[in-house]
Amino acid sequence: MKNTFKLLSAFIFASIIALTSSCSKDDTATTVDATSITLTDSLAKNEIGNKNPMAYVKINIKLATGTTVKTAKLERKIGTGASEVLLENNRIDTVPDFTLSDSYTDETITKNLTSGTKVVYTATITDSKSKTATGSLTYTVVRGNGILVSEIIELGAQSDTIREYKFLGLANSFATYTAGVNGTARTNSEKIDFVYYYGQNDKNTLASPSNVDGAQAIWGTEISSWTTKNVTLFSTNAISAATFETIKASKVDDEFYNIDFTKNTTEKYVNFGYNKVVAFKTASGKIGLAKFLLGATSASESMKVQIICQD
């Protein structure tokens, strides 16, 4: 609402400025036969990023000579959703023969849009002779393909009394969490994507919090207290350490963006060792890679991992 008010205010103020200048027009002013309104992208790209999406809409209005503005409205439609009114005003002026050319920033677009989604802006203006003009502008949502890279993260196995951090999430710059009644995991379970344990059969394992026969078996008392048990999927397709390093250097996710997580997946990646890499998809939909730099030899030791994921 704050941004809508700001947009509406800007629209009105810009109109007033335009009206003021129109009053000083000389006798050579051009006659405008019909009221018109056009919308264009100020950046001339007609694209909106899927992360922190924003649009810069340029609105151009020309009133038919001798008329004033009766009503004005700007609407936005995202994909197949309903149209939303961003601004609407009746009788915003009483002075005839003005033009308006100004740009407006729309920061209220829904975040995390799907690539390819269309975002359409439609502006409608009616003059004092009840003549209506409409203009529209279509943006296409495009994905950003940048990545985030973690530092080397160390997690202790279930019996490790030296390394207190046992769980990991992508949120808050790859935050790690502790176990126990006074641990940080219980109050942050919705942010946890990975559980580490060392099992008799599974050995070094990175698992989903939802994993029943591994994570919840080893960490049963702990995870049973969590209000959220996120589902993280691991791909069983092989990925090399060299590929991981290439992506880390390029800073783009093109190498793993299109991994298909509808098949060949598991909720735990078992028996990992040095330089092994696994692809994952979190409950929030983020895809990434984990490269293991150290494995434990018992449940009282620790592991080290580095993560890259979509920004």
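Strand β20 (residues 302–310) is mostly tucked away, with eight of its nine residues buried (buried is under 20% relative accessible area, exposed over 50%, partly exposed in between, using a 1.4 Å probe and protein chains only). Keep in mind that this is a predicted model, where local features need pLDDT of at least 70, side-chain atom pairs count only at pLDDT 80 or more, and totals for chains, interfaces and linings use all residues. Residues are numbered from 1 along each chain as its sequence is written, and side-chain values use heavy atoms, leaving out hydrogens and water. Helices (H or I, at least four residues) and strands (E, at least two) are DSSP runs, numbered from the N terminus.

**Partners of β20** (two strands pair if DSSP finds at least two bridges between them)

- β9 (residues 147–149) pairs antiparallel with β20 over three bridges, and Leu148 sits opposite Cys309 of β20.
- β10 (residues 153–156) also runs antiparallel to β20, joined by four bridges; here Leu155 has Met303 as its bridge partner.

**Asn211**

- Asn211 is in the loop between β14 (203–207) and α3 (215–218).
- Asn211 counts as buried because its relative accessibility is 5%.
- A polar atom of the Asn211 side chain lies 3.0 Å from the backbone nitrogen of Ala215.
- Leaving aside residues up to four places away in sequence, Asn211 touches Tyr197, Gln216, Glu267 and Lys268 (contact means heavy atoms within 4.5 Å).

Note on methods:
A polar contact is a pair of N or O atoms within 3.5 Å; within protein, one must be able to donate a hydrogen and the other to accept it, and residues adjacent in sequence count only if both atoms are side-chain atoms.
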